[in-house]
Amino acid sequence: MAIVSYPLADCPGCGGSMSFGNVDVYGSFILRGCGRCRYTERLPLPEIHKRKLYLDQSFLSLVFKAEDGRYLGIAEKIKSICAKQALVVPYSNIHEDETHQWKNYEALLDFIKATARGHELRPSYEVIQAQFDTALQLWLTEQNPNFPVERNDAFDKEIDEWESYYRIDVAGYYGDIEKIRAAKITSITGLVETFDTWRDSFHSKEEHINLELASAAAGYINAYKAYLEKVDAGDYDDLLDRPINSKYVERMVRYRALGGSLEERVQSTFQFLYSPNFAAMPAQSISARIYAELREQVRRGAYAKKAKAIERLSGFFFDVDHISIYGPYFDSIVVDRSMHELLRSNTVDLSGRWGTKVFSASNLDEFDVWLGEIEQAIPPEHRGALPSAYPRLVV
């Protein structure tokens, strides 16, 4: 006997009245069964292709607060298109990290996961590791540093499948929330404090990008060196609790293709971290360009009032993380106005470099049109299968 989610008819096997129907959807087929006997059927479903959308915290928070009718209308359209299996809006560990800075985060996190319909991105550190592996292989084989995005590197399961009726939610661990919240405020304040120095800078945009990339490389190297120093000093607790950046470097140092001896591998790793291949990784390239463009905006007179700048850039570090790590894997991304201005600049040019459309409150109408185009483009065979797979869905 099966647990029938949607009773549809009398059972062809035992004749039970309205005991036969949809049990669940499994990727490429509908399983139908009887609640009284073992009779089952499989109904194949057509292949589908879902567009991938990343909603940042600013959009989700505005929808959750329900204070702006424009956002509510678009949110309903997103939910409808997702239900029709034409769009997917996964959430990431960065969503969770940022959401947990709210005083009343539980309801917002539940809303975010419900919007995602069970689709989750791989943790950011796994995506970065995948980027490191690809970039290092290109460097070793002396190939063009242009980075090929493998979209499956970012998703925890196959996206282009029909969704099940059920999802399992596993809670995570988020550390000391108050400590993280305080660190966030300190970091933003520290960033804004550097603006006075930035205003006096005479470096070009390209020089700023290179400075950011060099700083990132040095950060990885210093994290690895600090880890080795602690281990040498007998601090073995650091083996279990240490900066993730040191682990990326350690993984490369262990890679035999970089050299026969440990010294050779360390030297090769450091050379790679200052190479064009490292610079081409999305997590490095996009981040460096965002910071370089922010410097340019500051030099042109933006963010002159510190208190207002701190408020406006309150989610800046989270935004840089999710855009630089996940942005290229998506068809479109929704951000706040400040970040949109950075991303559409010639310095960053997320759309031109990676093909990711960028939306915010400043072009909300364009976002609405984009969503409408997705819904209109659903193939007839796809649309025709929806009532069979999801009997209560209004098509």
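How many aromatic pairs does a search of the whole structure find? The count is 25. The model is predicted.

**Aromatic pairs**

A pair of aromatic rings is described by the distance of the centres and the angle of the planes. Two of the pairs are set out here.

| Pair | Centre to centre | Angle between planes | Class |
|---|---|---|---|
| Phenylalanine 195 and tyrosine 303 | 6.0 Å | 50° | tilted |
| Tyrosine 220 and phenylalanine 278 | 5.9 Å | 90° | edge-to-face |

Tyrosine 220 and phenylalanine 278 are both buried. They also belong to one aromatic cluster, with Phe132, Trp139, Tyr248 and Phe272.

The charged end of arginine 42 sits over the ring of phenylalanine 29, 4.2 Å from its centre.

**The sheet**

Four strands form an open sheet in the order S6-S5-S7-S8, with parallel pairing. Strand S6 (87-88) and strand S8 (357-359) each have a single partner strand, so one side of each is left without a neighbour in the sheet. Strand S5 (residues 51-55) runs parallel to strand S7 (residues 332-334), and three bridges join them. Tyrosine 54 has isoleucine 333 as its bridge partner in S7. Helix H17 (residues 364-376) lies across S5, S6, S7 and S8, at about 150° to S5.

Terms used: Residues are numbered from 1 along each chain as its sequence is written. This is a predicted model: local features need pLDDT of at least 70, side-chain atom pairs count only at pLDDT 80 or more; totals for chains, interfaces and linings use all residues. Side-chain values use heavy atoms; hydrogens and water are left out. Two strands pair if DSSP finds at least two bridges between them. Helices (H or I, at least four residues) and strands (E, at least two) are DSSP runs, numbered from the N terminus. Contact means heavy atoms within 4.5 Å. Axes are lines fitted to C-alpha atoms, for helices over the stretch in contact, and angles run from 0 to 180 degrees between N-to-C directions. Rings of Phe, Tyr and Trp (its six-membered ring) pair if their centres lie within 6.5 Å; planes under 30 degrees apart count as stacked, over 60 as edge-to-face and the rest as tilted. Buried means under 20% relative accessible area, exposed over 50%, partly exposed in between (1.4 Å probe, protein chains only). A charge sits over a ring if NZ of Lys or CZ of Arg is within 6 Å of the ring centre and within 35 degrees of the ring normal.
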